[in-house]
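Subject: A structure for you to look at

Hello,

My notes on what turned up follow below.

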Amino acid sequence: MYSVAALGILVVIGLALARAFLGPTVYDRILAVNMVGTKTVLLIAVYGFLTDRPEFLDIAIVYALINFVGIIAVLKFVRRLADGTQPEEL
């Protein structure tokens, strides 16, 4: 049953990657990349259940946190580019 779930997640990742390449706006592409990251977290968790290795859940949680912080950073960068403001100097 978990292998069917993993296959379904891989199909959804493929569809999200297609949206990331074909998205009409930059925000659609960022949302698709975020979706790929979320589905990757699910895939890592399912793989952990398939192989009876519960420590993969810890890896999935860390990956989810990195994905979240990365998407927030990219969105702030894109917003700055859209506003035309320069980053402040240190």
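Let us begin with helix α2, which covers residues 26–50: its 25 residues should span 36 Å at 1.5 Å a residue, and the 36 Å between its end C-alpha atoms agrees with that. The expected span here is 1.5 Å times one less than the number of residues in the helix. Helices (H or I, at least four residues) and strands (E, at least two) are DSSP runs, numbered from the N terminus.

A word on the background before going further. This is a predicted model, in which local features need pLDDT of at least 70 and side-chain atom pairs count only at pLDDT 80 or more, while totals for chains, interfaces and linings use all residues. Residues are numbered from 1 along each chain as its sequence is written, and side-chain values use heavy atoms, with hydrogens and water left out.

Now, which residues of α2 are buried? They are Ile30, Ala32, Val36, Gly37, Val41, Ile44, Ala45, Val46 and Gly48. Buried means under 20% relative accessible area, exposed means over 50%, and partly exposed lies in between (1.4 Å probe, protein chains only). The cover over these buried residues includes α1 (2–22) and α3 (56–83).

Next, the pairing of α2 with α3. Two packed helices are described by the angle between their axes and the distance between the axes. For α2 and α3 the angle is about 175° and the axes are 8 Å apart. That makes α2 roughly antiparallel to α3. The axes are lines fitted to C-alpha atoms, for helices over the stretch in contact, and angles run from 0 to 180 degrees between N-to-C directions; under 35 degrees counts as roughly parallel, over 145 as roughly antiparallel, 65 to 115 as roughly perpendicular and the rest as oblique. The residues of the contact between α2 and α3 comprise 19 nonpolar, six polar and no charged. Here Ala, Val, Leu, Ile, Met, Phe, Trp, Tyr, Cys and Pro count as nonpolar, Asp, Glu, Lys and Arg as charged, and the others, Gly among them, as polar.

Asn67 sits in helix α3 and is buried, with a relative accessible area of 15%. Leaving aside neighbours within four places in sequence, Asn67 is in contact (heavy atoms within 4.5 Å) with Asn34, Gly37 and Thr38. Thr38 lies in helix α2 and is partly exposed, at 39% relative accessible area.

Between α2 and α3 there is a loop, and Asp52 has its place in it. Asp52 is not a glycine, although it has a positive phi of about 55°. Asp52 is also exposed, with a relative accessible area of 67%.

The largest nonpolar core has six residues, namely Ala6, Ile9, Ile13, Ala16, Val36 and Val46. Such a core is a set of buried Ala, Val, Leu, Ile, Met, Phe, Trp, Tyr and Cys residues joined through side-chain atoms within 4.5 Å. α1 and α2 each supply at least two residues of this core, and α1 gives the most, with four. Beyond its neighbours within four places in sequence, Ala6 is in contact with Leu43 and Val46. Val12, in helix α1, counts as partly exposed at 28% relative accessibility. Not counting residues up to four places away in sequence, Val12 touches Met35 and Lys39.

Enjoy exploring, and write back with any questions.

Best wishes
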